[in-house]
Amino acid sequence: LLTYAVVMGFLGNVPRLAILNETIRNLYFHVPMWFSMTLFLLVASVYSAMFLAKPTLQKNNIAFYFTVTGMVYGCLGLLTGMVWAKFTWGTWWT
């Protein structure tokens, strides 16, 4: 999936829309980052609830690492969104 996203994101055909031009390619990176963040944080929430029900170090570690990974994906999603906004609307953040 990662290979597909990178190849299609940089080389695939995209619709030619007046305001988006080539910046629509960022959807191959920006949107999957947010969906991945949501999935990772959901898993972290489940393991956190399981940890509260019956504490074990393994559940705590899984919840921690999924949270960290989810936050990294969230930051990457935010950064790719800012880059897309800059090239599409002319401002980093409004």
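Rings of Phe, Tyr and Trp (its six-membered ring) are taken as an aromatic pair if their centres lie within 6.5 Å, with planes under 30 degrees apart called stacked, over 60 edge-to-face and the rest tilted. By this criterion the structure holds four aromatic pairs. One of them joins F40 and F66, whose ring centres are 5.7 Å apart with planes at 45°, so this pair is tilted. It also links distant parts of the chain, since F40 sits in helix α2 (residues 30-53) and F66 in helix α3 (residues 57-89), 26 residues apart. Helices here are DSSP runs of H or I with at least four residues, strands are runs of E with at least two, and both are numbered from the N terminus.

Before going further, a word on the basis of these values: the model is predicted, local features need pLDDT of at least 70, side-chain atom pairs count only at pLDDT 80 or more, and totals for chains, interfaces and linings use all residues. Residues are numbered from 1 along each chain as its sequence is written, and side-chain values use heavy atoms, with hydrogens and water left out.

How exposed are the rings of this pair? For burial, the classes are buried (under 20% relative accessible area), exposed (over 50%) and partly exposed (in between), with a 1.4 Å probe and protein chains only. F40 is partly exposed at 21% relative accessible area, and F66 is partly exposed at 27%. F40 also pairs with Y73, again in a tilted arrangement, at 5.3 Å centre to centre and 50° between the planes. This second pair likewise links distant parts of the chain, from F40 in helix α2 to Y73 in helix α3, 33 residues apart. Y73 is partly exposed, with a relative accessible area of 29%. Together, F40, F66 and Y73 form one aromatic cluster.

The protein chain has three helices and zero strands, and its elements run α-α-α from the N terminus on. Its C-alpha trace spans about 55 × 30 × 15 Å along the principal axes. The radius of gyration, taken over C-alpha atoms, is 17 Å, whereas a compact globule of 94 residues would have one near 12 Å by the rule of 2.2 Å times the number of residues to the power 0.38. Buried residues make up 26% of the 94 residues. The chain exposes about 6800 Å², of which carbon and sulfur atoms supply 75%; accessible areas come from the Shrake-Rupley method with a 1.4 Å probe, and for residues only the protein chains shown count as cover. With contact meaning heavy atoms within 4.5 Å, 49% of the contacts between residues at least 6 apart in sequence join residues at least 24 apart.

The buried residues of α3 are K59, A63, G70, G74, G77, T80, G81, W84, A85 and T88, and they pack against α2. After α3 comes G90, whose phi is positive, near 85°.

On the α2 side, H30 lies in that helix and is buried, with a relative accessible area of 14%. Leaving aside neighbours within four places in sequence, H30 is in contact with G77, T80, G81 and W84. A polar contact (a pair of N or O atoms within 3.5 Å; within protein, one must be able to donate a hydrogen and the other to accept it, and residues adjacent in sequence count only if both atoms are side-chain atoms) of 3.3 Å joins the side chains of H30 and W34. The backbone nitrogen of G81 lies 3.2 Å from a polar atom of the H30 side chain.

Two further residues of α3 complete the picture. M82, found in helix α3, is partly exposed at 22% relative accessibility. Not counting residues up to four places away in sequence, M82 touches T91, W92 and W93. The C-alpha atoms of M82 and I19 are separated by 16 Å, and these residues are 63 residues apart along the chain. F87, also in helix α3, is exposed, with a relative accessible area of 61%. F87 and N21 are 66 residues apart in sequence and 9.4 Å apart in space, C-alpha to C-alpha.
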